Amino acid sequence: MANASTLPKLPRSGATRITRSPLRWAAPILFYLAIGFFVVNLIALVSTVVIDSFAQSWFKTLLPPAFTTNWYTSLGDDHDIGQLLLNTFTVAVTVTGFALIIGFPAAYILARKQFRLKGLLTVLYLLPLLIPPLVYGIPMATLLLRFNLGGSILGIIIINMIPILPFVILVLTPFIEQVDVSLESASRMLGAGRLYTFRRIVLPLVIPGMLTAGVLAVVRTIALFDLTYLVATTASSQTLVVALYGDAVAAGIRAHQAISALAVIYMLTTMAFVIVALLFVKPTQFAVQIKTNSTKGG
Amino acid sequence: MAETAIKSTPITRSTRRTSPIRFDWEIIIFSLPALLFVCVLFVYPFIYGVSLSLRTGALGDGDFTLNNYIQIFNDPVQIETIGMTFEAALPVTIFSVLVSIPLAYFMRRGIRFERLITTLLILPVTLGTVMVSQSMLIYFGRQGWFNQALQALHLIKNPLTLVHNWLGVEISLFIQGFPFVFLLILGYMSGINPDLERASKMLGVGAWGTFRRVILPLALPGIAIAFCLNFVANFSVFPSAVLVGEPNALTRVLAVQAFRAAYEQYNRPAGTAIALVMGGIELAVVGGVLFLRGRFTRGATLGGGKGT
């Protein structure tokens with residue numbers, strides 16, 4: 001591949017000027033067509049599920065001929081929706097909470113300190129994100145079975161922590177890096193203690209990062225299928241995503257509208273978390289974050 | 001406690017150069033919980049998995065054996081499975097990267113509706129594989145909107161079969177992976193110093209020449225990382241290979257086989273062995289790409305500020 005040093009050899013192509021103008025004119029059209037095609041299909045993909053869940057029947061027409069809410073009212077026949085929601089919430093909130101508590105100090109060290117084995121530590125944190133979940137998931141599920149935690153909520157929480165904790169550390173580190181060290185130093189020089197500085201200076205400035213990491217971790221935990229599936233072997237320990245997969249695999253048993261209804265419940269759960277989180281984060285906080293970022297970089 | 005604290009913080013910036021050997025209790029105390037967690041929950045299960053895969057018995061209670069590995073490499077079905085996993089993972093990874101490069105190049109200085117576009121692109125990540133696959137069964141089905149639209153536009157006569165085959169898995173992996181690859185490459189491209197581009201233009205190089213000789217070499221390390229991360233995710237594809245693929249024929253990937261061995265044939269050691277082979281192959285590919293990245297891009301890291 002071209003090295004930076006080979007650059008000055010180039011200025012002999014006068015012909016490219018001519019080809020540049022049609023490209024310049026066509027490029028935006030091609031760009032918006034490509035991205036537009038993807039996004040339109042994406043929105044349509046999600047919309048079909050929502051429409052399907054309200055359809056009495058739906059074949060080969062643009063929209064279903066008649067609508068009904070029966071698929072939602074009869075969801076309880078197949079699933080204990082309350083239990084599914086409770087399990088999903090418990091797992092997502094517990095995993096995220098623990099990941100934030102344990103991950104914050106680790107991210108703080110990665111952001112602020114330089115030390116000998118830092119590279120090794122970083123690799124160790126990154127490995128669970130790079131190795132396929134089944135590789136450590138099957139032995140971990142076997143271990144949990146040996147400790148009588150197979151098919152339990154605690155087991156699901158434990159196995160989900162494995163990729164979520166490194167993920168939280170990864171997301172938090174740049175947010176902590178952005179908080180100016182001199183603010184901490186100033187507070188300390190003015191006589192504030194370590195804990196006071198942390199509580200009044202570091203924490204308020206890192207809250208947007210904590211919320212971002214928290215929201216992303218919750219959303220990821222809800223959607224994380226492979227690992228939960230390995231442990232959720234009992235009906236009482238199933239989460240929404242496992243139940244949805246179970247229904248979709250056994251598609252012949254029930255109407256696809258019934259599966260769509262469960263899918264909509266699943267989607268609303270994820271959205272609810274995101275919307276609640278956005279209520280607590282002021283958009284301006286994100287703006288400040290982005291501003292400091294660009295001034296630092298540029 | 002307070003004394004060491006006052007000493008340590010104001011000099012954190014200079015520690016980079018002065019004393020990397022200095023013993024720092026803070027590092028140990030702060031990192032210990034996370035470190036313990038990763039060791040107990042990741043490193044230990046991993047080592048346990050290796051020893052599990054070398055034993056007989058449903059839960060690995062039996063004697064030492066190499067049989068689980070010998071069986072994989074002696075079984076033509078499993079060898080075929082490895083090939084199928086590559087056939088499922090490689091094309092969609094290459095396609096995602098190739099599509100993302102020109103799109104990211106165009107968007108590198110920001111465009112209209114950028115916020116909206118990026119927000120919409122994160123949607124599939126939010127929904128997760130199972131939800132995307134389940135929606136695909138309806139949307140890309142023979143009577144779904146996608147086929148209806150193509151027929152209404154008279155592009156096709158008979159509906160296309162887009163799910164329950166290899167193509168279904170590719171589409172599902174693309175929906176999941178493309179936004180991620182695109183945003184990652186976009187990040188690298190917008191990080192390239194715009195002055196380099198201006199300099200190249202000033203020296204009379206056209207847009208294509210500048211892209212090929214300046215932007216692409218500088219973005220290549222980032223593109224390699226995006227390729228690796230996407231390949232890792234695609235190589236271990238599991239739920240969508242079952243839901244929108246043909247798990248008994250063309251999309252019988254390693255993850256599906258590992259799960260079947262461990263959970264349907266109740267042979268945890270055999271399942272673990274297949275999973276470990278999957279992880280080993282995947283790490284070898286990633287290692288190879290990173291090695292090439294190191295060889296080709298040495299010296300081409302003239303980074304710069306973001307934006308103008």
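Reading chain B along its sequence, you get α-α-α-α-α-α-α-α-α-α-α-α-α-α. That is 14 helices and zero strands. Helices here are DSSP runs of H or I of at least four residues, strands are E runs of at least two, and both are numbered from the N terminus. This is a predicted model, where local features need pLDDT of at least 70, side-chain atom pairs count only at pLDDT 80 or more, and totals for chains, interfaces and linings use all residues. Residues are numbered from 1 along each chain as its sequence is written, while chains are lettered from A and ligands numbered from 1 in the order in which they are written.

Now chain A. Its pattern is α-α-α-α-α-α-α-α-α-α-α-α-α.

Next, burial. A residue is buried if 20 or more other C-beta atoms lie within 10 Å of its own, exposed if 12 or fewer, and partly exposed in between, with C-beta atoms placed from the backbone. In chain B, 42% of the 308 residues count as buried. In chain A, buried residues make up 40% of 298.

On to contacts. Two residues are in contact if their C-beta atoms, placed from the backbone, lie within 7 Å. Take the contacts in chain B with a separation of 6 or more: residues 24 or more positions apart account for 73% of them. For chain A, among contacts between residues at least 6 apart, 75% join residues at least 24 apart.

How do the two chains meet? The contact takes 89 residues from chain B and 86 residues from chain A. Helix 3 of chain B, residues 25-52, gives the largest share of chain B's side, 14 residues. By class, that side of chain B has 56 nonpolar, 26 polar and seven charged residues. Nonpolar means Ala, Val, Leu, Ile, Met, Phe, Trp, Tyr, Cys and Pro; charged means Asp, Glu, Lys and Arg; the others, Gly among them, are polar.

Let's look at the core. A nonpolar core is a set of buried Ala, Val, Leu, Ile, Met, Phe, Trp, Tyr and Cys residues joined through C-beta atoms within 7 Å. The largest one has 154 residues, and A:L244, B:I185, B:A255 and B:A258 touch the most other members. What does A:L244 contact, beyond its neighbours within four places in sequence? In its own chain, A:L262, A:A263 and A:Y266; across in chain B, B:V130, B:M131 and B:Q134.

Axes are lines fitted to C-alpha atoms, for helices over the stretch in contact, and angles run from 0 to 180 degrees between N-to-C directions. Under 35 degrees counts as roughly parallel, over 145 as roughly antiparallel, 65 to 115 as roughly perpendicular, and the rest as oblique. A crossing is left-handed if the near helix is turned anticlockwise from the far one by less than a right angle, and right-handed if clockwise.

Partner one is helix 11, residues 207-235. Helix 9 and helix 11 of chain B pack at about 155°, axes 9 Å apart. They are therefore roughly antiparallel. Their crossing is right-handed. Helix 9 contributes residues including B:F180 and B:I185; helix 11 contributes B:A219 and B:I223, among them. The contact has twelve nonpolar, four polar and no charged residues.

Partner two is helix 7, residues 129-139. Its axis comes within 10 Å of that of helix 9, residues 166-190, and they cross at roughly 130°. This pair is therefore oblique. The crossing is right-handed. B:T129, B:V132, B:S133 and B:M136 of helix 7 meet B:G168, B:I171, B:S172, B:I175 and B:Q176 of helix 9. That contact has four nonpolar, five polar and no charged residues.

A:M140 is in helix 6 of chain A, residues 133-146. Buried or exposed? A:M140 is buried, because 25 C-beta neighbours lie inside 10 Å. Setting aside neighbours within four places in sequence, A:M140 contacts A:I159 and B:P45.

Most residues other than glycine have a negative phi. A:N148 has a positive phi of about 60° although it is not a glycine. A:N148 lies in the loop between helix 6 and helix 7 of chain A. It is exposed, with 9 other C-beta atoms within 10 Å. B:H164 also has a positive phi of about 60°. B:H164 sits in the loop between helix 8 and helix 9 of chain B. With 19 C-beta neighbours inside 10 Å, B:H164 is partly exposed.
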